[in-house]
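Welcome! Please take a look at the structure below, and then let us walk through it together.

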Amino acid sequence: MATLWRRRERFLGVLGRLCRTVRALSGKNEYDLLVIGGGSGGLACAKEAAQFGRKVAVLDYVEPSPKGTKWGLGGTCVNVGCIPKKLMHQAALLGSALKDAQHYGWNIAQPVHHTWSVMAQAVQNHVKSLNWGHRVQLQDKKVKYFNMKGSFSDPHTIRGLTKAGKETIVTAENIVIATGGRPKYPMHIAGALEYGITSDDLFWLKESPGKTLVVGASYVSLECAGFLTGIGLDTTVMMRSIPLRGFDQQMASLVTEHMECYGTKFLKRCFPTKVEKLEGNRLQVTWKNTDLGTEETDCFDTVMWAVGRAPDVKTLNLDAVGVKTSSETGKIIVDASEATSVPHIYAIGDITEGRPELTPTAIAAGKLLARRLFGQSSELMDYDNVPTTVFTPLEYGCVGLSEEAAVQCYGSDNVEVYHAYYKPLEFTVAERDATQCYIKMVCLREREQRILGLHFIGPNAGEVIQGFALGIKCGATYPQLMKTVGIHPTCAEEITKLHITKRSGLDATVTGC
Amino acid sequence: MGWEEKQVRGYPEFVQTAQRYHGRPIFALFCGDKDAEGKSWCPDCVTAEPVVRKELHNMPDESVFIYCLVGDRAYWKDPNNEFRKNLKLTGVPTLLKYGTPQKLVEEECFKVELVRMLFTED
């Protein structure tokens, strides 16, 4: 039977090749690589493959959000993620800087006002210029771009559909799926879909969202609630359980504690049960408070769901070609070489099971994949020690293991944690509270005390962590870090001065110069 | 109904023309002034103009193509000239779709595919 099967496979293979030749001869497209999804990972992979002189095409199509928001080429990061988020976070930081400025002698008429439409217009224009930049780059690198929704019709053939319903058949030797994910709406909450928005909409609002309820405790939730508070909006976060799941939980509580001091309201251990529209377009949200067992309500102008993201696989018709997905998450299962269960079909980025949902990892994975496919490389993506930062009002940057993960891996007796509460110099004159400015370094206890994880809460956390990530990637140890000379006066230098262990129970507050 | 071309010189004329055709798709090519023999002081503009002109037929219906001479070299080199300050131009030639972030700068204007994309994409 097996032999028969193989023979059949071979026959089908020959037939397949014949079909493809026929397709090629009949003037249809044929590519060395077809990438479905023009986000960070997909574009990086396509452009890298084109550098090797291969014939490459990218399919990208943005399904409008349930609220009707749509955008251009570039994926989540560019359009509805990192880029608009960081810019709006910056808008909020400037608001804090305006407050600080008075302590530094600037005369600023109070109260200051923020105009959403001005910020949104500027951010949206920048995003549109990035969309155009991606188009120019693809064209320049001779990557064919199709503004079409793709679905498999056989393992080498994708059926592309334009918005107008025009169909194009594209065939390729290798196919990379990089369609990412989209925000989830909660099921079974009346009014959730009708009246709520998600992060897909927030960045494209022309008018201020006003008093906003953000539901969820993901980094998306906290970052959005953070900048909304920062630009002066009445903002509430409703969370059912813990904030920033998967991150170091001590750091996560400091981040939310700071947000509370900064003015974001929190409804902890609460979950919404319905959203209703009142006269005058206000939204009345009802929720259960599980601590008190009570039902509570309040009115908001905007309700934003930040309850997780789901992979965008539905339209791909993966079953037709046998690409396996996780029954739990729906994400595509890949091996270390990003290959799916079908050998010439690959997947990268947010669509893949068990990978970090981060732009730089998707870009790196996409480039490395292209090099392995067309550049005689064998280098695999290394997903260890990937640094990241949560852009809450007080930023949290980290690389490596959380304290919990380190303890779970090595046992608490074998882990040493160095920590410090520090005060950024610029907070002093501005009379800003630095209670949550905290650094924690998780090391192995024995021998060279290799650094397992570094966690930093404070201004510019991303800028601080990026360089240290190199050291940790190279296997840096605690004594090596102690030999590293700090740059004075900075927040980052506090990392080079960490000397109080958690185990000692000594006061970890940094004093003096 | 096709498209029409307007030739202007200097920033005020450009703005006036762009305003007059407000509501229609406006494409603009900014080049350095030409001398008596019709040759621009900007060699890249000399290269770009025929490439762009050959693709004008790809512009959507009702488009207006503004061919704008920005001025002499001394005016253009002034970092505070009105084109740089108000239209955020960084070089000549620049081909742009007015009111959008879509633009091609210098050598990009030599590439037929990019020029065609600018004229045809939303």
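## A guided look at the model

UniProt, in an unreviewed entry, places the feature "domain: FAD/NAD(P)-binding" at residues 31–366 of chain A. UniProt positions follow the numbering used here, feature names are shortened, and annotations may be inferred rather than shown by experiment. Over residues 31–366 of chain A, the chain is 32% helix and 25% strand, with the end C-alpha atoms 17 Å apart. Helices (H or I, at least four residues) and strands (E, at least two) are DSSP runs, numbered from the N terminus.

Please keep in mind that this is a predicted model, in which local features need pLDDT of at least 70, side-chain atom pairs count only at pLDDT 80 or more, and totals for chains, interfaces and linings use all residues. Residues are numbered from 1 along each chain as its sequence is written, chains are lettered from A and ligands numbered from 1 in the order in which they are written, and side-chain values use heavy atoms, with hydrogens and water left out.

### Chain A as a whole

Chain A holds 15 helices and 22 strands. Its radius of gyration is 25 Å, close to the 24 Å that the globule rule gives for 513 residues, so chain A is as compact as a globular protein of that length. (The radius is taken over C-alpha atoms, and the rule is 2.2 Å times the number of residues to the power 0.38.) The C-alpha trace of chain A spans about 75 × 65 × 45 Å along its principal axes. Of the 513 residues, 49% count as buried; buried means under 20% relative accessible area, exposed over 50%, and partly exposed in between, with a 1.4 Å probe and protein chains only. Contact means heavy atoms within 4.5 Å. Among contacts in chain A between residues at least 6 apart in sequence, 63% join residues at least 24 apart.

### The annotated binding sites

The unreviewed UniProt entry also places the feature "binding site" at A:K86, A:G150 and A:D350. These positions span 265 residues in sequence and their farthest two C-alpha atoms are 30.6 Å apart, so they do not all gather at one spot.

A:K86 sits in helix α4 (residues 82–103) of chain A. Setting aside residues up to four places away in sequence, A:K86 touches A:F391 and A:E463. A:D350, by contrast, belongs to the loop between β17 (345–347) and α10 (359–374) of chain A. Beyond its neighbours within four places in sequence, the contacts of A:D350 include A:G180, A:G181 and A:K331.

Here is how the accessibility of some residues in this report is classed.

| Residue | Relative accessibility | Class |
|---|---|---|
| A:K86 | 34% | partly exposed |
| A:D350 | 18% | buried |
| A:E338 | 0% | buried |
| B:S40 | 10% | buried |

### A buried glutamate

A:E338 is in the loop between β16 (309–311) and β17 of chain A. Which side chain makes a polar contact with the side chain of A:E338? That partner is A:Y383, at 3.0 Å. A polar contact is a pair of N or O atoms within 3.5 Å; within protein, one must be able to donate a hydrogen and the other to accept it, and residues adjacent in sequence count only if both atoms are side-chain atoms. Leaving aside neighbours within four places in sequence, A:E338 is also in contact with others, including A:R355 and A:R372.

Helix α5 (residues 116–140) of chain A has 25 residues and reaches 36 Å from its first C-alpha to its last, close to the 36 Å expected at 1.5 Å a residue. The expected span is 1.5 Å times one less than the number of residues. Among the buried residues of α5(A) are A:W116, A:M119, A:A120 and A:V123. An α-helix has 3.6 residues a turn, so residues three or four places apart point the same way. Just after α5(A), A:K142 takes a positive phi of about 65°.

Helix α13 (residues 461–473) of chain A bends by about 30° at A:G467, where the bend is the angle between axes fitted to the seven residues ending there and the seven starting there. What covers the buried residues of α13(A) includes β18 (388–390) and β19 (396–400) of chain A.

### A serine in chain B

B:S40 lies in the loop between β2 (26–31) and α2 (43–55) of chain B. A polar atom of the B:S40 side chain lies 2.9 Å from the backbone oxygen of B:G32, and a polar atom of that side chain lies 3.0 Å from the backbone nitrogen of B:C42.
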